[in-house]
Amino acid sequence: MKQGVERPILAITMGDAAGCGPEIIVKALTDENIYTTCRPLVFGDTNRMKLAAGILKSPLEIASISDVQKGSYQPGVIDVLDFANVPHDLPFGQVDGRSGHAAYTYIEAAIEKAMANKVDAIVTAPINKEALYIGGHHFPGHTEILAQLSHTKDYAMMLSGDELRVIHVTTHVSMREAADLIKKERVLRIIRLADRTLRLLGLEQPRIAVAGFNAHAGENGLFGREDVDEIAPAVADAQQEGIDAVGPIPPDTVFFRTVRRKEFDIVVVMYHDQGHIPLKLLGFDNGVNVTVGLPFLRTSVDHGTAFDIAGKGIADGSSMTAAIHFAAQIAKGARKA
């Protein structure tokens, strides 16, 4: 296959080397269709990738390269920007600060390349938060690393599956704190991000449902004031801007209307589990995590390191495959915009 400049370069970070990241990357890059839409480049450790390929009995060649422009980006070859920072004796399935630090370095380097426009998007394999902390990097997760290192304040988590898309107003906070964070300006910002992202996916007029926070969307203030005082005014302002947003819609019906009745293209959810539960119920293995609002695109699998099965060759690679395809699609749309 002739290398085409029209194919975006995707930086795929290997994640925690003790987890399933290397295996699911090998499984995903077995799909030759990926190479027709993008140029995938793994930021990681060549020896660990070779170990994963061996576990899977994969015929794919693992090629170590030193520069983004030196990859072959051909089916049958996995190009790895080699950091050579994973010990050969690192066990699978165990929390280890060495793998936590290594995972951080892949993310840091991918962000640097993305900010310099040397890669078009970042796709991340899962990391372990405890290993990250032990390795000296005190972040709750990927999103916070990406935001801090790119100096981004206006960002959000979006999850995309076969039947449902959700985007979060709040994520890794307690329910008590989530209630305090639900403010008109924040909700409006997330509605705008949802509209902008779906337009990059090719939707000319995205239909956005905004979920309520309280039972029955607050029942006009009877069950809480967040829906009346913060969410409804944000929706009204979005409508004034020409955004097709509706809400607040009671949380117990918004997903039915979106998935079964096909009334909406995405749901703006108010807190972490309000969005994660329905999406994982509908498709646990094919969800894609997207961080929107960054100066570059980032997608990820919507699952963890799977320490219980890591190194056994049985981890499902479908979410990584979906994350790569999704990143390639949006990166192509961003180039056209």
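In this predicted model, A306 is partly exposed, with a relative accessible area of 24%. A306 sits in the loop that runs between β12 (297–301) and α12 (318–336). Its backbone is worth a look: the phi of A306 is near 50°, a positive value in a residue other than glycine. Most residues other than glycine have a negative phi, and most peptide bonds are trans.

A second residue with this kind of backbone is N117, which has a positive phi of about 60° although it is not a glycine. N117 belongs to the loop between α4 and β5 (121–124). With a relative accessible area of 69%, N117 counts as exposed, because the cut-off for that class is over 50%. For A306, the value of 24% gives the class partly exposed. P248 is part of strand β9 (residues 244–249).

Helix α1 (residues 21–28) and helix α3 (residues 46–55) have axes that come within 9 Å and cross at roughly 65°. The two helices, α1 and α3, are therefore roughly perpendicular to each other. The crossing of α1 past α3 is right-handed. On the α1 side the contact is made by P22, E23, I25 and V26, and on the α3 side by R48, M49, A52 and A53. Sorted by class, the residues in this contact of α1 with α3 are six nonpolar, no polar and two charged.

Helix α4 (residues 97–115) packs with helix α6 (residues 142–149) at an angle of about 40°, and their axes are 10 Å apart. This arrangement makes α4 and α6 oblique to each other. Here too the handedness can be given, and the crossing of α4 and α6 is right-handed. From α4, the residues Y104, I107, E108 and I111 meet H142, I145, L146 and L149 of α6. The residues of the contact of α4 with α6 comprise six nonpolar, one polar and one charged.

The next pair is helix α8 (residues 184–200) with helix α9 (residues 226–240), whose axes come within 8 Å and cross at roughly 45°. That angle makes α8 oblique to α9. The crossing of α8 and α9 is right-handed. In the contact, K184, V187, L188 and I191 of α8 meet a set of α9 residues made up of E230, I231, P233, A234, V235, D237 and A238. The contact of α8 with α9 includes eight nonpolar, no polar and three charged residues.

Finally, one glutamine deserves attention. Q274 is located in helix α11 (residues 272–283). Q274 is buried, with a relative accessible area of 5%; the class applies because buried means under 20%. Leaving aside residues up to four places away in sequence, Q274 touches A211, G212, P251, F255 and V269. G212 also takes part through its backbone, as its oxygen lies 3.0 Å from a polar atom of the Q274 side chain. Along the chain, Q274 and V166 are 108 residues apart, while their C-alpha atoms are separated by 9.2 Å.

Key. Residues are numbered from 1 along each chain as its sequence is written. This is a predicted model: local features need pLDDT of at least 70, side-chain atom pairs count only at pLDDT 80 or more; totals for chains, interfaces and linings use all residues. Side-chain values use heavy atoms; hydrogens and water are left out. Axes are lines fitted to C-alpha atoms, for helices over the stretch in contact, and angles run from 0 to 180 degrees between N-to-C directions. Helices (H or I, at least four residues) and strands (E, at least two) are DSSP runs, numbered from the N terminus. Angles under 35 degrees count as roughly parallel, over 145 as roughly antiparallel, 65 to 115 as roughly perpendicular and the rest as oblique. A crossing is left-handed if the near helix is turned anticlockwise from the far one by less than a right angle, and right-handed if clockwise. Contact means heavy atoms within 4.5 Å. Ala, Val, Leu, Ile, Met, Phe, Trp, Tyr, Cys and Pro count as nonpolar, Asp, Glu, Lys and Arg as charged, and the others, Gly among them, as polar. Buried means under 20% relative accessible area, exposed over 50%, partly exposed in between (1.4 Å probe, protein chains only). A polar contact is a pair of N or O atoms within 3.5 Å; within protein, one must be able to donate a hydrogen and the other to accept it, and residues adjacent in sequence count only if both atoms are side-chain atoms.
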